[in-house]
Amino acid sequence: MPRQISQKTASQKKKSSSSEEIQKPSAEIFYQEELNKLAKEDKKLPRPKGWFLTPQSVLKFILGDEEAGADPKFVGERSTIERCIVALATNRGLMLIGEPGTAKSYLSELLAAAISGDSTLIVQGSAGTSEDNIKYSWNYALLLAEGPSAKSLVPAPVYRGMNEGKLVRFEEITRCPLEIQDILLSVLSDRVMSIPELPDESRTLYAKNGFNVIATANTRDRGINEMSAALKRRFNFETISPIQNLSEEISLVQRETARLLERAEIPVSLPPEMAKILVTTFHELRQGKTGDGKSLDPLSSVMSTAEAVSVSYAAGIHSYYYGKEKGEKKEKKIEAEHLVQNLVGSAIKDNPDDLKKLRHYFNHIVKKRKGKAWEEYYQAKNHLL
Amino acid sequence: MGRVLPSEESFALDIEGICNLNADVVFFPVRHHSPLCARLVEEMIYECKPEAVLIEGPVDFNPHLAEIHFSHRLPIAIYSYVRTKEESSLGAYYPFCEYSPEWRALKVAQKLGVSQEFIDLPWSHLAQKDERVHRYADTEMRHSEYVDRLCRLLFCRNFDSLWDTLFEMQQNITLSEFLERFHNFCYALRYEETEIHLNETKREQFMFEKIQEAQKKYKKILVITGGYHSFALYARLQKISFPGTKEVALPNPELAEQGIALTPYSFERLDSLKGYNAGMPSPGFYQKVWENRLTPDLQCHQALLSRLIRILRKKKQVVSSADWIAVETTAQSLASLRGHPQVWRDDLVDAVRSSLIKEEIDSQKENPFLAAVYQVFRGENRGELSSKTSLPPLVKNIRRLLEEHKLFPLREYKIHKWDIAEKTSREKSHILHQLKILGIQGFSRISGSDLTKKTDFVELWEEWKIVWSPEFDSSCIESAAYGTELKEAAMAYLLESSQNDEMTSEEMALIILRSALAGLNEVGEKLYQRLNQLILKEGNFLILSQTLRHILYLYCYDEFLGTRQFPLLGEVLDEAFQRGLWLLEGLGQVSEKTEKVFLGIGYLLEIWDRCSEERNLSPEEFVTVLQRVSTDSGQSPDIRGAATGALWKLKEANSEGIQSSLVYFAQPQKLGDFLTGLFSTARETIQRDKGLLLHIDKALGNYNYDEFLIALPALRLAFTYFTPREKHYLATHLLEALNIRETPLPLEVSTEIALVSLSWEEKIFQVVEKYGLRGRKQNGGANG
């Protein structure tokens, strides 16, 4: 049954804090119009039970579709998204894995918003995640006063997802201890949760149609190898790889930097030639290969698109507050030296080997590149100390 | 559209006309290797009952057409080859598999007694201007603006998946629907083409002339060509104007030799994902589609999936029944999401990817699961020619060459020894090396100058053992697919093996040496290009230093292989030098195999010595890299020593500088290592420098007994770089510098002492050999 995005929750949120004040509105609020339009159009078409949109419309929502008036939101291969959607429509969960900063969480948010109209059922995996954070806990005052009952039960995201037939997002699942991860076993295979404290008739919670789990895990931390085989087989795995196409990545970094700087009300922008240099550096060091086929030692630091954005954002702020005014208009611009300085802090962090590799890259590759911007970039290499 | 058409109306879209099956000349447009086309072309022959079928295929094969109908095992190919006046050999394939429309047409025509003829321009007319060696690859349709646009609209990855979406998956399409749709498709594609290649126009004109000739003999003709050509031929026939239908001249090319023959082929070479320049991906999958054509309800992915699971289980992968079900349901759902009427290639690949692979998929590396899928989709069919087919031209050529040079293998073995600097024996040597490259049995090189190890250069000689082996004939026939002449086949083989992805730059340099030994300098250009690529990819300094050594040899010392003629060799040398510097600096701390690193630095120095002026190598870069290595506090002392020595040799460091760095390395654990490196690269320079000797002496003098013992082993190693005479020389100098009057014992050995020590050594070796502690003797004699 197609549903409207619960206007109540959306408007409630709006009331409590107008979207101006929300630092980062969730996808279903941000794209509410688009979603409702898509839902209206595919109203009569068949879909998996409990889904807000048809699989085709989910695809349109995420990758963009001119006819349906949907903007592209995620840069990636079509077949990747198709596989994700299909996995969620079958009775397996979806596990998104990949390097940090490849927009796994963003993709899971978009999927949840499009399929359930709600992307807020999130369990954040960490070393401290407990069963209570996943299933349910109790309101102890009520529990003591009235005993265990549906009223005194405080539902956690998985409980709510099963009860309401929605997607649950489990972020960084591999950061949880193994026994906590395995709580999902019965939830995913039998689609039931038993609540032994409650009286017989409400002791078992059966998942409603539309419930499923999207988990994310990054391959740098404690890997997926430690995950139990039993849990692994209940998930379909999808690797989200970094953006392969250089020009797509450049425009994404420019767009995101502009958005962040605008929100921070900083009137500086990332010049296209600087964006090109920065993203090329990230791209080459990540892939371990230069554009003309020379192989490099890839860095062990994460050189993701998200990191590139944060470097250029930081460079923007740096140039605004500490940069020199140049040219006739006395403008402040992001310059090569700002990028290089922030490369060290934001991207390379504390790994001395990587710093050495980066210097090596400057000495051999950047040095030979032609063009004013590359030369300035090379000149700024003394910041890499 | 960005282009003005001469006159819009004149390009009349006469689809009705071209689809008319009652016309005297009817056209069937094909996509080569398409099961759908194969099925429909059969239907068309039965329905139209033509008197002759004319097929796009080399016209010079017509005299041998009967051979096609022998009982071969497919896939096989028609192989056409030419040798130009400039002595370069070129060859091209027209491959057939069971589901090739051309093949089906030939078979059905044969069955019904319909005349068959190939009508395409012989490849020899195109060879020099057209490099596509797979003549059924549909290349014309792959690079088209129209196809790209359709792909974007229908979310297809490339022409192959577009073709599948529009045609191949439509199992229920009727002949007339197909003709209409495909003619329309090709018409639009061709209409938007900005320029029709002259070669295509030539071919069409030639085919058109053949059709006209046939019209004089037969009333009803079926013309089977690539869809790209159909409408153009029809337009010529109907005198409609259409892009690329102008008259062109067809001059005869000047060729030294040409020929055409059948040859075995394989699915592996047919697969565009594996072989380069191939037409359709996954031939094994389409084979299944073809086999299932009569039972369209049977989903062909199921058989492939069960085969895949068998293979995976054999490889000890856990694939449970539940996994199987998951792949199946995922594949079905993907097909339905994508609007495919049945589960297709991509659906199955994606389903396996999604539900079986529980780990990160690195797009840069081959994943074993996916490799297994592609293996199943590729199929393993290998062709075999019927025994009635005439011997492949290569076999004849090899026999002729061997007989001419009196090298034909006999049952009794024969040893040939010759000086390769001499011209006739060099020719023989080339032939034998070429046979060795192809793996023809019965020819082994037992000894001679070794160019790879660079030993025994005084005289260039070789010794070969030639004996008949039962595999001689079969190995010749197996190599037939590489060409029709020995030299050409050996070159093709080398080119193919140079495409291996996992090859190192050193292996590639060795291939180049082999090619030079076999006198195959024509492929040099391509092999050097490949070497260049591999050098750029090379990540191991030790391997690269070996590569450097081979390149240096080819560039500087080679006099008789004739490799210096290649301008590219110089560029490769530059690139290898640059890469060497890059890797040297990025080496990281080395604890083992340091002497190999010293050698590598030595080769860099040697290249610098011999080629820096000729090649314009940048001194600045070399020096700065060495400086950075020598001052890198993270690097081990011996490598830093070697870099310092190299700088000294380049006169970029002086004795004083090194003396001051000695202070840094004065700790007993470091001193010996540093000196080892220093001596390895600057052995000569150091002997002329007394100051440094004094400095080392001083450092040693400061050690107490324990410290000296710590320093000793490494110091010993360091001084082994000097010969006894050099050590004597050093000692004399040291004593002089210290103002000590005594001179060291004279370095003279009396004959008696020498004899005693030699006989002592001999005894030791005897004992060692007796207990089997020594390896094989150097001259290849008895085992120790």
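This briefing covers the confidence, domains, chain contact, helix packing, sheet and backbone details of a predicted model. Local features need pLDDT of at least 70, side-chain atom pairs count only at pLDDT 80 or more, and totals for chains, interfaces and linings use all residues. Residues are numbered from 1 along each chain as its sequence is written, while chains are lettered from A and ligands numbered from 1 in the order in which they are written.

**Confidence in chain A**

- Chain A has a mean pLDDT of 85, where pLDDT is the predictor's confidence in each residue, from 0 to 100.
- In chain A, 92% of residues reach 70 or more.
- Helix α1 (residues 7-16) of chain A has the lowest mean pLDDT among the elements of that chain, at 43. Strand β5 (residues 167-171) of chain A has the highest, at 95.
- Elements are DSSP runs numbered from the N terminus: helices are H or I with at least four residues, strands are E with at least two.
- The pLDDT is below 50 over residues 1-17 of chain A. Beyond near neighbours in sequence, this stretch has 19 contacts in the model.
- A contact means that the C-beta atoms of two residues, placed from the backbone, lie within 7 Å.
- Where pLDDT is low, the predicted coordinates should not be read in detail.

**Domains of chain A**

- Chain A is divided into domain 1 (7-239) and domain 2 (246-383), with bounds from an automatic or database domain assignment.
- Their C-alpha centres lie 35 Å apart.
- Six residues of domain 1 and seven residues of domain 2 of chain A make the contact.
- The domain 1 side divides into two nonpolar, two polar and two charged residues.

**Contact between chains A and B**

- Chain B contributes 26 residues and chain A 28 residues.
- On the chain B side, α14 (321-337), α15 (345-355), α22 (524-537) and α24 (567-585) each supply at least two residues.
- α14(B) gives the most, with six residues.
- The chain B side holds eight nonpolar, nine polar and nine charged residues.

**Helix packing in chain B**

- The axes of α8 (residues 175-192) and α10 (residues 227-238) of chain B come within 8 Å and cross at roughly 85°.
- Axes are lines fitted to C-alpha atoms, for helices over the stretch in contact, and angles run from 0 to 180 degrees between N-to-C directions.
- That makes α8(B) roughly perpendicular to α10(B), a label for angles of 65 to 115 degrees.
- α8(B) contributes Phe182(B), His183(B), Cys186(B), Tyr187(B) and Arg190(B). α10(B) contributes Gly227(B), Tyr228(B), Ser230(B), Phe231(B) and Ala232(B).
- Six of these contact residues are nonpolar, three polar and one charged.

**Sheet in chain B**

- Four strands form an open, parallel sheet in the order β1-β6-β2-β5 (chain B). Strands pair if DSSP finds at least two bridges between them.
- β1 (25-30) and β5 (115-120) of chain B each have a single partner strand, so one side of each is left without a neighbour in the sheet.
- The twist averages 30° from one strand to the next.
- Six bridges join β1(B) to β6 (residues 221-226) of chain B. Phe27(B) stands opposite Val223(B) in β6(B).

**Backbone details in chain B**

- Most residues other than glycine have a negative phi, and most peptide bonds are trans.
- The Leu74(B) to Pro75(B) peptide bond is cis, with omega near 0°. Pro75(B) sits in the loop between α3 (65-68) and β3 (76-84) of chain B.
- Phe155(B) has a positive phi, near 55°. Phe155(B) lies in the loop between α6 (145-153) and α7 (159-168) of chain B.

Conventions: Nonpolar A, V, L, I, M, F, W, Y, C, P; charged D, E, K, R; others polar. Parallel < 35°, antiparallel > 145°, perpendicular 65-115°, else oblique.
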